[in-house]
Amino acid sequence: MAKVERPLSPHLGVYRFQITMTMSILHRITGVGLGLGTLLMAWWLIALAMGPGPFDLVQDVVSGWFGRLVLLGFTASLVFHFFNGIRHLAWDVGLGFALPTMRASGWTVAALTVIVTALIWIAGYSMRGI
Amino acid sequence: MSLRSPIARARGLGSAKEGTGHWWHQRVSAVALLALVVWFVVSLLMLTGADWATASGWLSNKVNAGLMLLLIVFLFYHLKLGLQVVIEDYVHGEAMKIVSLLLMSGACLAVGLACALAVLDVAFGG
């Protein structure tokens, strides 16, 4: 049977930017990213079990500029997925479905991600200073 | 012979045979992770720049080890459920889909188990 090339809907490319769709795809992207990030957690835990040598190696790699960049991405992804996940859970119990509310909660998640990620890093640097 | 009508059998669990199980498990693990992740991030902040003795001392505490094991269980289960949906959405060939799902599930199990064994080793190993 010949396959008929039917038009696919929706054509995502014809939509202008909307906060709702951006948050939606970011939830998935950060989810996959955090999944890869569990490898870092596994490395950290296994090194901790192996002893001071392997553990110092992890700490050295993580505190280098590239390690910090990865850790910053990891923190931001986690904070975003955390707050946007709460947004999803609210929908699951039937809250916040009105379009203006949905947009407002989307921007709130975006703002919280920036603020809380910054706070975590400020706390991290001040812990290091002590 | 079943006395149940066909409609009674069709209702409830649907063609996937597990009903809302996947959806519900994802939500339950999400709620558990909300609390566990806050604990984990705060703990890591306290351990910023810590040496091995301090970090392993922290994980030797049985409460910390227990919470870490809980985090690992919920985290890797939640990850498996999430990645499963991603694969089911984007991988179309049936054979490729099943292979991807098996590899993904196996990887989640393997990495999760490695994490759990490392925690147990620090908490109980000599």
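Modeller: Here is a short chat about how the two chains meet.

Modeller: This is a predicted model, where local features need pLDDT of at least 70, side-chain atom pairs count only at pLDDT 80 or more, and totals for chains, interfaces and linings use all residues. Residues are numbered from 1 along each chain, chains are lettered from A, and side-chain values use heavy atoms, without hydrogens and water.

Colleague: What makes the contact between chain B and chain A, in residues?

Modeller: Contact means heavy atoms within 4.5 Å, and 39 residues from chain B and 30 residues from chain A take part.

Colleague: How do you know what area is buried between chain B and chain A?

Modeller: Buried area is the accessible area (1.4 Å probe) that two parts lose on being put together, summed over both. Here that comes to about 2700 Å², with 80% from carbon and sulfur atoms. On the chain B side, B:Leu34, B:Leu45 and B:Trp52 lose the most, together 21% of what that side buries.

Colleague: Why is the pair A:Asp92 and B:Arg27 called a salt bridge?

Modeller: The term needs a side-chain nitrogen of Lys or Arg within 4 Å of a carboxyl oxygen of Asp or Glu. The closest N and O atoms of A:Asp92 and B:Arg27 are 2.7 Å apart, so the pair qualifies. The count between the two chains is two salt bridges.

Colleague: Which elements of chain B give two or more residues to the side that touches chain A?

Modeller: Helices H2 (21-46), H3 (52-60), H4 (62-90) and H5 (94-124) of chain B; a helix is a DSSP run (H or I, at least four residues), numbered from the N terminus.
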